[in-house]
Amino acid sequence: MAKKNSLLPWLFGNHRNKEAQQSQKSEPRLQAPVQDPPPAPPKPESFRLELPPNHAINKLWKLWREEVGKQPAPSFRFETADGNGEVLAAAQAKQELARLLLTVNASANQRLNKLVPKGNGNPQKGDGPPPVPELDAGVVAFVTNDRLTAWVFAYPPSGGGKELDREMLAQALREKQVVHGIDEDLLDAIPGRPDRYFRLYLAARGKAAVHGKDGQIVDLFQRNPERKLAVDEYNRVDYASISFIQNVNEGDAICRIIAPTLGAGGKTVLGQDLPARDGRAAAPPKGRNTAVNEAGDALIATKTGRVEFSGRAFQVKPVLEIEANVDYSTGHINFLGDVHVHGDVCTGFTVRAMGNITVDGVVEAATVEAGGDLIMVKGAQGDNRAVLRASHSIYAKYLENCCVYAMEDLHADCVINCDVYCDGTVEVRSGRGTIIGGSVRAAHEVSAGVLGSRSECQTDVVLGGLPCQEFDQEVLVREITDLEEKLEKIENQPDSPTKFTRMGKLRMQLTINKNKLEQFRKDLEEQWEEQDNPGLRCLTCGVAYPGASVTIGPASYRFQQETRPVNASLVAGEIAII
């Protein structure tokens, strides 16, 4: 045992052993507290370099611990000097630990070979201790791959070598060309710390480049307003409260424009500049009757009207208010924006609008065509002469003796003796929820509370295809036939300047209609391929009376008795009633 103790002063110097013994004698032992503080939560292992017990670092540390007494274990961890936070992200730390392991292996093995040369396998056996080289404390610097952090760790001296000082730390950083972001206070403090050896310290920290954030658009109006009918506890829909119009006044903001931010350049610990990219400005969704304000932080309306998103931009459409009825006092209405009729649409008059049409009163034997939605708060009494058409959806309290075309969906409380063409879904569930008489053609689904009547009124439901577009195609075919008949009659008339003029106009119109029909058929075939799915076509109702029938594709079924409830769909080419 005496030989073993006599070797350690040779390795690490005699003065440090004496200092440790004096400090142990002079410092009284503290009694353990009554209640230990709760242990600190374990830190993620992804930031720590785990070394096996037989690693050169652990061998060097054990020799040092046996000489000076209890010392902190080696800690190679990417964290701040106070241990309160990790510096690198977990993914980056994992990559850097692999690089750090190579550095630690090389430096520790080199250090151990100098202390215990090969060929002297066990320095603690023999007649006397082998000669030990005098080594000063050693410092190793490590720079991360992104050049944004530089770390240092030190080995203790041996054989009376020089203790760690600030110049050793600075020299190790200079050898790695670290010149920026050096923590001078930390370099001054490390030589006096009890855990100055076998620990990784963050000696320098650069500044990462911060790219600018792109500009953003914050909408203050909905781009696609939700179209949902609110039903009360009595299964009634208040059609007067239905409004998909988002009104805006002149000068009001439609959306906020958040400006981009500038990028902030960075610098590596090697003094290299890191460029940064500035954020890109957001393109404001500027449409008709909108403009960017002087401050450039908002898109505002230049007119009072209705806000609508057209797919790429916001636009403001004017709203035409008809305070009374549409009659001889107003004449026919043909408007490019939205129309709101606070009264009735009287017999014989026409209301056409590129946008939405809202009628608070009753639509009589009139024609109403909307480029958007058609909302009839009370309903329509068409006297078999009313034509109601909407490029989107139709909402009505009731529909009676009308011809109805909805390119999307139809919602009503009751439909009586109407010819309905709908390229979406027909829903007659609220209120009375009845479909009596006439025919209802829908692309997908018809849902009603009652289909037909006890008097066995003939009520037909046809599902599949695109009813509105098929009807438009039939109308176009009839127009072409009429033009051809007129052209044939004119050709049989005696030659005259008037004849040739009329024939030229008819031929031009005939060519245009034929081109339209050809394009119409191509578009219709493409939409059929996308939409013609038998699984999407079904009839659901609470009760179906005799006289009602349903047709799905090539199959038809007529109800012979009162059936409730009904869920009809096409199965294996036949209509299945569940």
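Colleague: How many helices and strands does the secondary structure of the protein come to?

Modeller: This is a predicted model. The protein has 578 residues, and buried residues make up 43% of them. Its secondary structure comes to eight helices and 32 strands.

Colleague: Among contacts between residues at least 6 apart in sequence, what percentage join residues at least 24 apart?

Modeller: A contact here is a pair of residues with heavy atoms within 4.5 Å. Of the contacts that are at least 6 apart in sequence, those joining residues at least 24 apart come to 49%.

Colleague: What span should helix H7 have, and how far apart are its end C-alpha atoms?

Modeller: Helix H7 covers residues 467-491, which is 25 residues. At 1.5 Å a residue the span should be 36 Å. The end C-alpha atoms agree with that, being apart by 36 Å.

Colleague: Which residues of H7 are buried?

Modeller: Buried means under 20% relative accessible area. An α-helix has 3.6 residues a turn, so residues three or four places apart point the same way. In H7 the buried residues are Pro 467, Cys 468, Gln 469, Phe 471, Gln 473, Leu 476, Ile 480, Leu 483, Leu 487 and Ile 490.

Colleague: Which elements are included in what covers the buried residues of H5?

Modeller: Helix H5 spans residues 166-175, and its buried residues are Met 168, Leu 169, Ala 170, Ala 172 and Leu 173. After H5 comes Gln 177, with a positive phi near 65°. The cover over the buried residues includes strand S1 (138-143), strand S2 (149-155), helix H6 (184-189) and strand S3 (201-205).

Colleague: Why is S3 described as largely enclosed by the rest of the structure?

Modeller: S2 and S3 run antiparallel and are joined by four bridges. Within that pairing, Trp 151 has Leu 202 in S3 as its bridge partner. S3 is largely enclosed because the number of its five residues that are buried is four.

Colleague: Which residues of the largest nonpolar core touch the most other members?

Modeller: In soluble globular proteins, nonpolar side chains tend to be buried together. The largest nonpolar core holds 56 residues, and those touching the most other members are Met 376, Leu 388 and Leu 399. A second, separate core has 50 residues, including Phe 47, Leu 135, Val 152 and Met 168.

Colleague: In what order do the four strands of the open sheet run?

Modeller: The pairing in this sheet is antiparallel, and the order is S4-S6-S10-S9. Strand S4 (216-219) and strand S9 (290-292) each pair on one side only, which makes them the edge strands. From one strand to the next the twist averages 25°.

Colleague: Where is the cis peptide bond from Arg 564 found, and what is its omega?

Modeller: Most residues other than glycine have a negative phi, and most peptide bonds are trans. Pro 565 lies in the loop between strand S30 (555-558) and strand S31 (566-571). The bond from Arg 564 to Pro 565 is cis, with omega near -20°.

Colleague: Is Asp 383 buried, partly exposed or exposed?

Modeller: Asp 383 is found in strand S21 (residues 379-390). Its phi is positive, near 55°, although Asp 383 is not glycine. With a relative accessibility of 48%, Asp 383 counts as partly exposed.

Colleague: Is Ala 572 buried or exposed?

Modeller: Ala 572 sits in the loop between S31 and strand S32 (574-577). Phi of Ala 572 is also a positive value, near 55°. Its relative accessible area is 78%, and exposed means over 50%, so Ala 572 is exposed.

Colleague: Which side chain makes a polar contact with the side chain of His 55?

Modeller: His 55 is in the loop between helix H2 (14-26) and helix H3 (56-68), and it is buried at 11% relative accessible area. A polar atom of its side chain lies 3.0 Å from the backbone nitrogen of Ile 57. Beyond four places in sequence, His 55 touches Val 104, Asn 105 and Ala 108. The side-chain polar contact, at 2.5 Å, is with Asn 105.

Colleague: What distance separates the C-alpha atoms of Thr 459 and Gly 438?

Modeller: Thr 459 is in strand S27 (residues 459-463) and is buried, with 0% relative accessibility. Its contacts beyond four places in sequence include Ile 435, Gly 438, Leu 451 and Ser 549. Thr 459 and Gly 438 are 21 residues apart along the chain, and their C-alpha atoms are separated by 5.4 Å.

Conventions
Residues numbered from 1 in each chain as written. Predicted model: local features only at pLDDT ≥ 70, side-chain atom pairs only at ≥ 80, totals over all residues. Heavy atoms only, no water. Helix = DSSP H or I, 4+ residues; strand = E, 2+ residues; numbered from the N terminus. Expected span 1.5 Å × (residues − 1). Buried < 20%, exposed > 50% of the residue type's maximum accessible area, 1.4 Å probe, protein only. Pairing = 2+ DSSP bridges. Axes fitted to C-alpha atoms, helices over the stretch in contact; angles between N-to-C directions. Core = buried A, V, L, I, M, F, W, Y, C linked by side-chain atoms within 4.5 Å. Polar contact = N/O pair within 3.5 Å; in protein donor to acceptor, adjacent residues only side chain to side chain.
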